[in-house]
Amino acid sequence: MIRQLKQVVRRLRELGMLPSERQAAKAAQRDALERTWHDPDGLYGWFITVQNGPVVNRYMSAAFALFLLSGIETLMIRTQLAVPDNRFVGPSHYNQLFTMHGSIMMFLVTVPLMEGFASFALPVLLGARELPFPRMTAFGFWTFLFGAVLLYSSRLFHQVPEVGWTAYVPLASAEYSPGLGVDFWLLGLSVAEVAALGAGIELIIATLKLRAPGMTLGRMPIYAWSILVTAYAMLFAFTPLLVSTTLLELDRKLGMRFFDPNAGGDPLLWQHLFWIFGHPDVYIQFLPAVGIVSLVVPAFARRPLVGHGLVAAALAATAIISFGLWVHHMFTAGLSVLGMSFFAAASMAIAIPAGIQVLSWIATLWKGRPVFTTSLLFALGFIVTFAVGGVTGVMVAAIPFDWQVHDTHFVVGHFHYVLVGGVIFPIFAGFYYWVPKMVGRLLSERLGKWNFWLMFAGFQLAFFPMHISGLLGMPRRIYTYPAGLGWELPNLISTAGAYTLGIGAALFVWNVAWSIVLGRGARPDDNPWGAGTMDWATSTPPPDEGYRVIPVVSSRYPLWEQARLDAGDPHDPQALRHERIVRGLAESPAGWRAQLVTSVLTAEPQAIVLLSGPSIWPLIAAIVLTLNFVATLFDIYWLLALSVLGTIGATIGWLWPSKQDRERRLVDEGAGDARLHGLPVYTSGTSAPAWWTMAHIILVVAVATACLVMSYYYLQAGATAWPPPGYDVPDFVVPGAASLLLLAGTLAVWWAERRVRRGAQAQLKLGLAVAGAAGAAFLAWLILEMMRSGISASAHAYGSAVMTLLGYQAVLVLAGLLVLGVVLLQALLGYFDARRFLAVQNTAMYYTAVAVNWLVVFGVVYGSPYLSLVF
Amino acid sequence: MTRRLWFALFAGHLAWTAHLLVSYLLASLPCSASGSVSPLPIHMATVTALAVTVAGIAAGRAVAGDPEASARPFVGRFTITLSVIFLFAIVLAGGTALFVSACA
Ligand code: HEM
Ligand SMILES: [Cu+2]
């Protein structure tokens, strides 16, 4: 027994799930490159590691644990609904159960599991050594963990939310949901969403900039397409969610009136904002599933995917159209019929790209010689189940039908066909497919088959009857029902099905314990499935450095179609150059974590950049970030002040360039002109990953602004008088003049950037200082303006909207000033010169964005009241 | 990336988005006292959106035929597929205005 326990502990250490002590003998064998990429062992090492391998293992284990927890909640739900007039749980407890179940599954299970897969698979699949921002990966895990703990800790305080995963107002307002339940929900989710946004940006940059040389867009695997498209959808969907949860929190905490119809607000605004996030969110879960299945099906059908390019385009189309469907969740909200019919049409149009995907898989299987492994079975189970969910989806997209079944168990049946069939089954397909590569053990196929068939049959039993009980009129979110309505049989079957499904899932846990933790599973070779994509190109599990020799890609399925991975297509004039670069990179630099950056369309090598190494900052940053939310939750203002300062400090500490970063051109192999293998080691503009990060941060800001501005106009359009009686139309002359400050600052910071490119240190400092001074003056004016205007944020929705927009602008400016201050400090320390000025460039971009943002905010706040005079 | 490529990539996307939002707004305008509102603006929006998307397809063909860079054929075909899907989506949405009245 003790021996077995020791063995388990050893396995968990190997998997990176427990801290391990240094194994000196092993370490001595490593050569310089391996040592450079290896994160420290031991307890402290466990907290600072940023390697995607161990981080992903933890991330996915935590998300899977939440899946099981939420699964237990569903069993309680189903137990309660098994028979009429049941008293297993009471009404309030039932509300808590489905609220937590829905929220956890939607926010903290599927998306993190998909992100986990992506963080593991993308680097190997694309031929990258790591993700572009390893610290971001670690930060993502910690924030996710703390967000989940925060949400679940509501139970400790007996403040569990009861408002459903949609948190509709007025139910979720302070008036009808007093206590902290909803606040736990809002703030816990916000923590997780911040992490999701960061992950989204990281995954985008990985697919766009870290592909192996020769992997043109046309050769990029469908899985990478799916992640690219999903990550963009995340930026466009999670930002509205952050905005809407913030507005609701402002209503609840500060008494603002966004959603209060008695003071110019509108509850429907919440529904719009929530579903602009909520519908795409379904696709954010579903599109990576398409990606997984598009790897699994070709791998086991033993042939390339049919219609590769069509599927790539269909993925993009699905993601985009998914943003035009949200109104179909509001067909019963009393909107205009013609207006709704456009959204009904869009909801049906999305069946076109979905159809392309399904046909492509079927054609691939048809033409191939499929091997029915557990992984492929789950993929097939997905296709069948998702098709049914698609059909019921088109049914509810028909407005009159939706009027009949809205808020019944028909809808519950429908969306579980899409969510369990369309997301959970593919996740299991992904487990059986990738886990052998991730941890170096095959899962048992025998247990796997049981696992699949129990889950598949249990699923159909559990959810098909819900369509019937729904058509018979059974509403969702009711804790019990009387006998004699014909609902008994479907409900009983449904509960039996849920338990069968549960047993199937338990078998998976047993399979993992038996095969991996107890180590009974066979050890796979490097490509146990004989797949053609590069996720199977490395040794098993992938080494810390990913690829010592980065592959040169000349086909879509390199392992099937290329004789060697380090040799390019002989017809490609660039191939020799690519080979020289990747062979050179295998030798040097060995002293720092070097990654090749390539161009977006054609994957031509552009630069060699340094990836960050292990650090405690991601953990600290996650802790202080979470503390912000905890302090807000419990109204502890001193803690809030401390944690805001802490967040600023942690961000600076995190981003402060290491000595290695600053001096790598000096220390390494005599590369005096800061070039290695013919490529620059300091970059700026579109060949620098950090430039892309800034561009995407600006995109997120723009989306947030758009949401706030649309909310403003939504409220204005619904108002009889705007500003409301008793308010003055704001004067725009002084604010207009204040805009000049930001304009001047923008010019100054770009001037500084231009000058440092010529190596002019003094002018760099001068430009930055002027920009800082202008920004500070603007901020001071803005704060004064907010205090002096006399507009109350809590008297009327008008004031709430104005103050929120101005406050938001103030926060953006403040962030810009902090960045500027740090960059100025670095300039004083002499960190920049004609080659190294990326931080200056990024600051200039951000400053410009803030200035442009102000012009928008200015136009809205000071201009739009005049619209009411015109119309 | 050339300007033509950007246009090919986003024409259908933006045409569809703008069409959806504009038609939704037009459909939400108050009905006149006689209980009718002209569907003409919506039809005009539909035709415009279709025209832009078709122009996007043409641009995509030009990109695909560009002999210069190896990645272009794929990217061109990619944008064309995207635009064709949007073409369908616009026809579907615009078509509803033929059958459903704004003041129903
Ligand atoms: C694994 C087996 C599952 C079972 C047995 C199950 C069961 C249920 C049931 C019976 C309800 C309806 C409660 C009610 O309205 O009274 C429900 C609601 C819901 N489920 Fe599941 N579910 C499962 C998995 C999932 C998964 C994987 C997801 C998402 C990825 C999910 C998302 C939701 C959502 C969003 C709701 C709505 C919650 C609300 O009304 O606010 N479920 N589930
Ligand atoms: Cu939807």
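User: Before we dig in, what pLDDT do local features need here?
Analyst: Residues are numbered from 1 along each chain as its sequence is written, chains are lettered from A and ligands numbered from 1 in the order written, and side-chain values use heavy atoms, with hydrogens and water left out. The model is predicted, side-chain atom pairs count only at pLDDT 80 or more, totals for chains, interfaces and linings use all residues, and local features need pLDDT of at least 70.

User: OK, which protein residues are donors of the iron atom of ligand 1?
Analyst: Donors are N, O and S atoms within 2.8 Å of the metal (3.2 Å for Na, K and Ca), and since water is not among the atoms, sites may look incomplete. The protein donors lie 1.9 to 2.0 Å from the iron, each through NE2: H101(A) and H416(A).

User: How many residues apart in sequence are the parts that H101(A) and H416(A) tie together?
Analyst: H101(A) sits in helix 6 (residues 91-126) of chain A and H416(A) in helix 16 (residues 409-439) of chain A; helices are DSSP runs of H or I with at least four residues, numbered from the N terminus. The pair therefore ties together parts that are 315 residues apart.

User: What geometry does the site of that iron atom of ligand 1 have?
Analyst: Six donors count as octahedral if opposite donors are over 155 degrees apart and all others between 65 and 115. The six donor atoms here make angles of 87 to 179°, and the site is octahedral.

User: Is H416(A) buried or exposed?
Analyst: Buried means under 20% relative accessible area, exposed over 50%, partly exposed in between (1.4 Å probe, protein chains only). H416(A) has 12%, so it's buried.

User: Which residues coordinate the copper ion (ligand 2)?
Analyst: Along the chain, the donors follow the spacing H-x48-H-H. H279(A) is in helix 10 (residues 267-301) of chain A, while H329(A) is in the loop between helix 11 (308-321) and helix 12 (337-349) of chain A, 50 residues apart. At 1.7 to 2.0 Å, the coordinating atoms are ND1 of one residue and NE2 of the other two: H279(A), H328(A) and H329(A).

User: Which helix gives the most residues to the shell around ligand 1?
Analyst: There are 25 residues around ligand 1, where near means a heavy atom within 4 Å, and among those that come nearest are Y94(A) and W165(A). The one that gives the most, with seven residues, is helix 6 of chain A.

User: How far is a polar side-chain atom of R477(A) from an oxygen atom of ligand 1?
Analyst: R476(A) places a polar side-chain atom 3.0 Å from an oxygen atom of ligand 1. For R477(A), the distance is 2.7 Å.

User: What kind of aromatic pair do F428(A) and F508(A) form?
Analyst: Rings of Phe, Tyr and Trp (its six-membered ring) pair if their centres lie within 6.5 Å; planes under 30 degrees apart count as stacked, over 60 as edge-to-face and the rest as tilted. These two are 4.9 Å centre to centre with 75° between the planes, and the pair is edge-to-face.

Definitions and conventions. Tetrahedral: all angles 85-135°; square planar, octahedral: opposite > 155°, others 65-115°. Helix = DSSP H or I, 4+ residues; strand = E, 2+ residues; numbered from the N terminus. Polar contact = N/O pair within 3.5 Å; in protein donor to acceptor, adjacent residues only side chain to side chain.
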